[in-house]
Number of protein chains: 2
Amino acid sequence: MAQQYPETNTNAAGESSKVSIVGGGLVGSLLALHLGQKGYQVHLHEYRDDIRTTELIGGRSINLALSARGRKALAEVGLEEVVLEHGIPMRGRMLHDLNGNRRIVPYDKTKNQCIYSVGRKHLNEILLNAAERYPNIHLKFNQKLVDMNIEDNQMTFINPQTKETNDETTDLIIGCDGAFSAVRRHMITRTGFDFSQTYIEHGYLELCIPPTETGDFAMPHNYLHIWPRGKFMMIALPNQDKSWTVTLFMPFENFDMLKNAKDLLEFFGKYFSDAVNLIGTERLIKDFFKIKPQSLVMIKCRPYHISDKVLLMGDAAHAMVPFYGQGMNAGFEDCSILSDILERARSRDISEAIREFSSKRWRDAFAICDLAMYNYVEMRDLVNRRSFLWRKSLDDFLFWLMPNTWVPLYNTVSFSHMPYSKCIVNREWQNKILSRSVMIAGSAAMAAAAGIITKFMWYN
Amino acid sequence: MAQQYPETNTNAAGESSKVSIVGGGLVGSLLALHLGQKGYQVHLHEYRDDIRTTELIGGRSINLALSARGRKALAEVGLEEVVLEHGIPMRGRMLHDLNGNRRIVPYDKTKNQCIYSVGRKHLNEILLNAAERYPNIHLKFNQKLVDMNIEDNQMTFINPQTKETNDETTDLIIGCDGAFSAVRRHMITRTGFDFSQTYIEHGYLELCIPPTETGDFAMPHNYLHIWPRGKFMMIALPNQDKSWTVTLFMPFENFDMLKNAKDLLEFFGKYFSDAVNLIGTERLIKDFFKIKPQSLVMIKCRPYHISDKVLLMGDAAHAMVPFYGQGMNAGFEDCSILSDILERARSRDISEAIREFSSKRWRDAFAICDLAMYNYVEMRDLVNRRSFLWRKSLDDFLFWLMPNTWVPLYNTVSFSHMPYSKCIVNREWQNKILSRSVMIAGSAAMAAAAGIITKFMWYN
């Protein structure tokens, strides 16, 4: 792990040298590193307590799937290896049917690429620990943004514990404060700020499969396990401690029907019988009724900036449903892209860079938000259908035949750095080729048939 | 004009009798009448001064197109006739080409139905005057909503002039406070509240064509005049005082190019030469540079309610771009629909009624928002194309042939009470019929051709 201290603590441009990041989660702390390594004075404000000194926060996903885009952004700050060390490779989906039979659908037969299950807390800790070593990165916890004066570059924070407030003047505010961003709330009344929040009618609830008595994983651990059930589904990602984080995604109305332990066990017995044994009935009942199912929201907005004063990144700019495993990866890629723009700009003028970032990034963010929404249907339903598996086999074959030309959608999204919007265009191009081939084949068949009929008519 | 005083000042249900409407614009004041006539205690809070005692407010459209839906809602409170008395019928579009030649495209050749140009201020005054006569409708001006506690049915208002604040407790809050609704701002952080605001890249600017020297209209006044120019357009609606309100819709970047009087006159000379003479160059220059072009936003959200405590109506629920002339009409129809639901509910339990309204109305609101967006392309561009005029003639002919079966889209939207979403379905059905007819005709032609070829081959 190569870590370089910045040569200077101030930026060459001088004026934009102080950057205040709101939100010290995954994207905020990675961004702090990217900017810190470029010599900016970075102030990172997190409204919670330091995650390194606290218990796990309930109601947020515990582990995440790290793929190519996230890895690239980590590599750029010298942290890819240390993160992967603690990640668990998942080489494909393992599908569980109603009878508990399992089937493997590999992500990438050709190049054997995989995604990694990483713990949110652990990853955040690695990032904060790394950030802390830079003298020009200042970590500030228990700082809740309560007011913002964009014109005057002013922010007011309150410490939720001590109720102390403090004002901060800065050159640039970057909101990395998640789907319900406080920074964004100050942008929404601006003329010309497009914004949408869309809730889906499905909620999620996290359960746990503990390690076996012998201290091992209870299922083959190099897979993302899925129990696709059409209208709902359950998935499981492996944890470092050999447990599994299991997530049930289901319409809220179906959650509402499970009122007590009897309902729950009947439901699980019918749809996830093999999982019940692994979770254990007692733990299942306890965890299921501990908290209410959480909602899932998609956020799209644009532009991400207000002049050279405010910028949104990560979930604050583009929150998506979790079904492509790209939420964190897209947020990390934001850091890569901004970083790259800054590198290319000789003057390192951050105000120009944020305009460029803002004008080019939204299209790809919209694309991955839409893909994530679509992937829920694929994961919970299509994955069980013959037409899907046939297409998947065809894609795999063509990928094997032409590994640089025919890259399937999942692979461009998860194992390449192709802009998300181009991934969609690429898929549409593939669809066009295939439907043309079918048409040509069909026409040939019809022509042949017509020939036969003509001959038949001729001779009779 | 029939006006009935309510028999009682309190509602039979008792509990929900006090309704606080936020926003005393067109929809708010019409709603006050609808609810007042049903015996509810209505408190209408308007943040501006009483419009009847003030000058015209700049930056808002001066006149509006009233059509069937709006007329129905006005008729229900006995105000249709008095409003139409002051309205100017517009029987079709009058298109102005680059050379000033004019062509009429009637709205409804078959039934001769028309839309009416009405003044916003005048209409608002009629509604407020009517509302004021009910002892159970309480008008309160200079009341700006600054806080809302939804759980406790509490609102806080401030008088922007005196800075006095006052709290109000109510049974139901109805936000009729427009596209930038303060009520809605309190709903947006709620889980499950879908919301989008979308700005278009075009702005608008209002100009004026004064009456002629002889005190007459400067153009044939029973038409909505359009100067369609592809990427931009200008329209004009007649006013009671024989002037015209002229609105230029154009991409902001094109507005930005007109920096001074010379640019402006060159531009108008090229694209709207016949209008320059009618506006007058001096007035044109003065009005054009008086205020900046205004933005146009589309707002969609759902659900419109929070339990039985808050409801959104009108632009607060569904703001649209103005190109279908349906913004006010849709808002007025909201009043009709809620009223109708209340009528049908014997108990007149307003909490059930708002749930029903909320669950059925959003689909139609989304539909008209989309139609309005589409109609901009039609008005500024398609209207000039042969394919459009051909389809319009065909629609007119079929409408004339089957006036109850084949009602063109514009006519279902403007001259019927068909739910907006059904108007779209109806149009899609018509498109299907037409494309099938074309296919059948095409197939017949091909079959005939094939027959000729076969014969040709046979005999040669």
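Student: In which loop of chain B is the place of N142(B)?

Tutor: N142(B) sits in the loop between β8 (137-140) and β9 (144-149) of chain B, where strands (E, at least two residues) and helices (H or I, at least four) are DSSP runs numbered from the N terminus. This is a predicted model, in which local features need pLDDT of at least 70 and side-chain atom pairs count only at pLDDT 80 or more, while totals for chains, interfaces and linings use all residues. Residues are numbered from 1 along each chain as its sequence is written, chains are lettered from A and ligands numbered from 1 in the order in which they are written, and side-chain values use heavy atoms, with hydrogens and water left out.

Student: What is the phi of N142(B), and how should I read backbone angles of this kind?

Tutor: Most residues other than glycine have a negative phi, and most peptide bonds are trans. N142(B), which is not glycine, has a positive phi near 55°. In chain A, N112(A) likewise has a positive phi, near 60°, and lies in the loop between β6 (102-106) and β7 (115-119).

Student: Is the peptide bond from R302(A) to P303(A) cis or trans?

Tutor: The bond is cis, with omega near -5°, and P303(A) belongs to the loop between β17 (294-302) and β18 (305-306) of chain A. In chain B, R302(B) and P303(B) are also joined by a cis peptide bond, with omega about -5°.

Student: What rotation superposes chain B on chain A?

Tutor: Two copies of a chain are related by a rotation about an axis and a shift along it. Here the rotation is 180° with 0.0 Å of shift, and the RMSD is 0.0 Å, after least-squares superposition on C-alpha atoms of residues with pLDDT of at least 70 in both copies. That is the relation of a two-fold axis, and the C-alpha of chain B nearest to this axis, at 2.0 Å, is that of S196(B).

Student: How do α2(A) and α10(A) pack?

Tutor: Helix α2 (residues 68-76) and helix α10 (residues 327-344) of chain A have axes 7 Å apart at an angle of about 40°, the axes being lines fitted to C-alpha atoms over the stretch in contact and the angles running from 0 to 180 degrees between N-to-C directions. Among the residues that meet, R69(A), K72(A) and E76(A) belong to α2(A), and N329(A) and E333(A) to α10(A), with contact meaning heavy atoms within 4.5 Å.
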